[in-house]
Amino acid sequence: VNRTFSLLTDGGMVGEDTIRGLGLTKALHIFHHANNNYVTQVTDFYILADILVLSATDLIGVNLPALTLLDLPTVLSDAIITTDDVLQLQKVIGITQLRGEGPCPSFPALDQNPPEICAGARINAFGVLLTQDWEDGLQNWEVVEIPVVDSSWDAKPWSIAGNLPDGRPGLAAYAPSLRAGDCETDFEHGVVTLTSPAVSLPQEESEFVLSFDHYFATQEGYDGGVLYFSLNDGPFALLPNQAFLYNGYTGRLVNRFASDNPLAGLFAFHGQDRNSTSGTWGQTIIDLTTAGAQPGDELRLQWVMGHDGCEGLLGWYIDDIRIGYCGASALPVSYTELTATPTKDHIRIAWATAREENNDGFYLERRGAEAGFREIAFIPAGATYAFQDYGVETGRTYVYRLRQQDLDGSVHYSDLVSATLPAAQQLLHVYPNPATTLLRVQTSAAAVLAELYSFTGQKVGEFSLAEGAGSLDVQHYQAGVYLLRVGSLTRRVILK
């Protein structure tokens, strides 16, 4: 990796190949962009090569910020990556063999062609009771850390993560597996739990199912994850192997004589893809009825990540959890479309149906900053299925669902959709520019102070803003190029 960076920066002759160096600014931005956007703890050399090319391609045509070791306002460098620069990078990767093919193909630990959730049920129709995609954070899910040795435990709770493996969009719940501990004086063994809110199982249904997407890369045999469940506020019990319909546990963790992981000896999700240091996203489907769930029960689920006393790799990601049932009442309405689309000043929610039986109409519910869903509209059956939601704020994500009601009063919920109304672009007007006597500023930013810097980074003046406007007498400043900073916005200013 170091050789790749230095050759990309400086260029040179390698055998019969001539590399045109890109210079420090371009090379460092390519590596920085890769690290910030794509690299994970389990990125190998082969994948890093692809990531570097992807990062360079992302930056084509961008006027890159100048490099600085000081906390200065951003200044553009006028260094712009071109398609020829990407070709030079590819030549460097070939010379340093960063993309050298490994001897063995990899195979995902999780199978990649899941069936429909209710494919094996008496009635292949899925009714949703709970969905979670983490786009609004943990909310009322409970996270608990249970270390064996409190004094040496490094915090590693479940949290919400972005920049997901394999470029998966959105957010996921993540239990890290830290490279920490030495199993001698610094012990890291313990478990971290992620527990769902209670879900009421309908009395009129009998086939209850859980599905979720996940990705894991852990120390094989030593760190891994399992699932527990609780019925009617009773103790949590391990979900049995026979309840898994698709993508069950990958194998047993090593026993308690060889590991201090509290989950030692249990079947768990652990290890990585075969012949790889990383994992692959897959879906697991579980028959909750086989596990013991009955109509009318209050169900809670718990994802548990267990750690041994030392070392780690990446961890366990969980996303798109769905708890529901397979039955005749699952689909009184069959949806062909459900979308939430942001516009300039509102969010438009629209849906279409392929089939309706005894449908009275739809209650549209929204979840924003407030806890839980709130009803915002009722659309009767047969109407145009669309609603313009103007009760939203810019920069905030809103989640919507439909509560469909039958003529007999029973209700059924749709899947969730979300949208974010884009924040208004912040503006910074500086005039006149060049300025000789008075420099005026007008901005939409919330800042109350404007700061003037010399081009070497020294702060030479400041002035207050009132309702986004202010001015500075610049007659006593030396002629030259300056930088004006208001909040996170910066403009280049010329004083004469």
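**View A. The lining of the largest cavity.** In this predicted model, the largest cavity is lined by Lys156, Ser177, Leu178, Ala180, Glu188, Asp223, His307, Asp308 and Glu311. A cavity here is a set of points, on a 1 Å grid over the protein atoms alone, where a 1.4 Å probe fits but cannot get out, and lining residues have an atom within 4 Å of a point. Sorted by class, that lining has five charged, two polar and two nonpolar residues. For the classes, Asp, Glu, Lys and Arg count as charged, Ala, Val, Leu, Ile, Met, Phe, Trp, Tyr, Cys and Pro as nonpolar, and the others, Gly among them, as polar. The space inside the largest cavity comes to about 30 Å³, and a search of the whole structure turns up one cavity of 30 Å³ or more. Volume means the space filled by probe spheres set on the grid points, which are joined across faces, edges and corners.

View B. Which residues of helix H1 (residues 2–10) are buried? They are Thr4, Leu7, Leu8 and Thr9, with buried meaning under 20% relative accessible area, exposed over 50% and partly exposed in between (1.4 Å probe, protein chains only). Helices (H or I, at least four residues) and strands (E, at least two) are DSSP runs, numbered from the N terminus. The buried residues of H1 pack against strand E1 (11–14), strand E2 (17–20), helix H2 (24–37), H3 and H4; contact means heavy atoms within 4.5 Å. Just after H1 comes Gly11, with a positive phi of about 70°.

**View C. Helix H3 against helix H4.** Helix H3 (residues 45–58) packs on helix H4 (residues 83–96) at an angle of about 170°, and their axes are 10 Å apart. Axes are lines fitted to C-alpha atoms, for helices over the stretch in contact, and angles run from 0 to 180 degrees between N-to-C directions. That makes H3 and H4 roughly antiparallel to each other, the word for angles over 145 degrees, while under 35 is roughly parallel, 65 to 115 roughly perpendicular and the rest oblique. From H3, Ala49, Leu52, Val53, Ala56 and Thr57 meet Val86, Leu89, Gln90 and Ile93 of H4. The residues of this contact split into seven nonpolar, two polar and no charged.

**View D. Two cis peptide bonds in one loop.** Most residues other than glycine have a negative phi, and most peptide bonds are trans. Tyr431 and Pro432, though, are joined by a cis peptide bond with omega about -15°. Pro432 sits in the loop between strand E28 (428–431) and strand E29 (438–443). Asn433 and Pro434 are also joined by a cis peptide bond, with omega about 10°, and Pro434 lies in the loop between E28 and E29.

View E. Asn247 isn't a glycine, yet its phi is near 55°. Asn247 sits in the loop between strand E14 (244–246) and strand E15 (251–252) and is buried, at a relative accessible area of 10%. Asp320 has a positive phi of about 50°, but its place is in strand E19 (residues 315–326). With 34% relative accessibility, Asp320 counts as partly exposed.

**Notes for the views.** Residues are numbered from 1 along each chain as its sequence is written.

Definitions and conventions:
This is a predicted model: local features need pLDDT of at least 70, side-chain atom pairs count only at pLDDT 80 or more; totals for chains, interfaces and linings use all residues. Side-chain values use heavy atoms; hydrogens and water are left out. On a 1 Å grid over the protein atoms alone, a cavity is a set of points where a 1.4 Å probe fits but cannot get out, and a pocket is an open set with protein on both sides within 12 Å along at least five of seven lines; lining residues have an atom within 4 Å of a point.
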